[in-house]
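Dear colleague,

Here is the structure I said I would pass on. My notes follow below it.

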Amino acid sequence: MPEDYNGARTAAGMANWALAKLQSKNIKKVTDKTLDSVVKDKLPKALLFTSKKESTNLFKALSYEFKGRMVLGEVHESQAAVGELIFNQFRQLLNNCAEF
């Protein structure tokens, strides 16, 4: 929904205002409970492994750009076991591909 901008008419002012409007509602938080639903989704996936508590502005923008075409998820540092599981599955996939 369009919104009026009433801030400073500078590049930095407008950029800061626009970045503050970005939301992370399209980014899936990957935990041990949500991992299966993320993996089973048929869309391509991009996972960000991060120690930051908030999603980055770039990842938020990408989540809007690829909404409905790609699953973007974050694995936070506190979910280290999930990250280890994902890396183990990826390693198995690479090993299977190497056999061909």
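The protein has four helices and three strands, in the order α-β-α-β-α-β-α from the N terminus. Helices (H or I, at least four residues) and strands (E, at least two) are DSSP runs, numbered from the N terminus. This is a predicted model, in which local features need pLDDT of at least 70 and side-chain atom pairs count only at pLDDT 80 or more, while totals for chains, interfaces and linings use all residues. Residues are numbered from 1 along each chain as its sequence is written, and side-chain values use heavy atoms, with hydrogens and water left out.

Of the 100 residues, 20% count as buried (under 20% relative accessible area; exposed is over 50%, partly exposed in between; 1.4 Å probe, protein chains only). Among contacts (heavy atoms within 4.5 Å) between residues at least 6 apart in sequence, 73% join residues at least 24 apart.

S55 lies in the loop between β2 (45–50) and α3 (57–65). S55 counts as buried because its relative accessibility is 7%. Apart from neighbours within four places in sequence, S55 is in contact with S24, I27, K29, K60 and E74. The S55 side chain makes polar contacts with the side chains of K29 (3.2 Å) and E74 (2.9 Å). A polar contact is a pair of N or O atoms within 3.5 Å; within protein, one must be able to donate a hydrogen and the other to accept it, and residues adjacent in sequence count only if both atoms are side-chain atoms.

L47 is in strand β2 and is partly exposed, at 30% relative accessible area.

Regards
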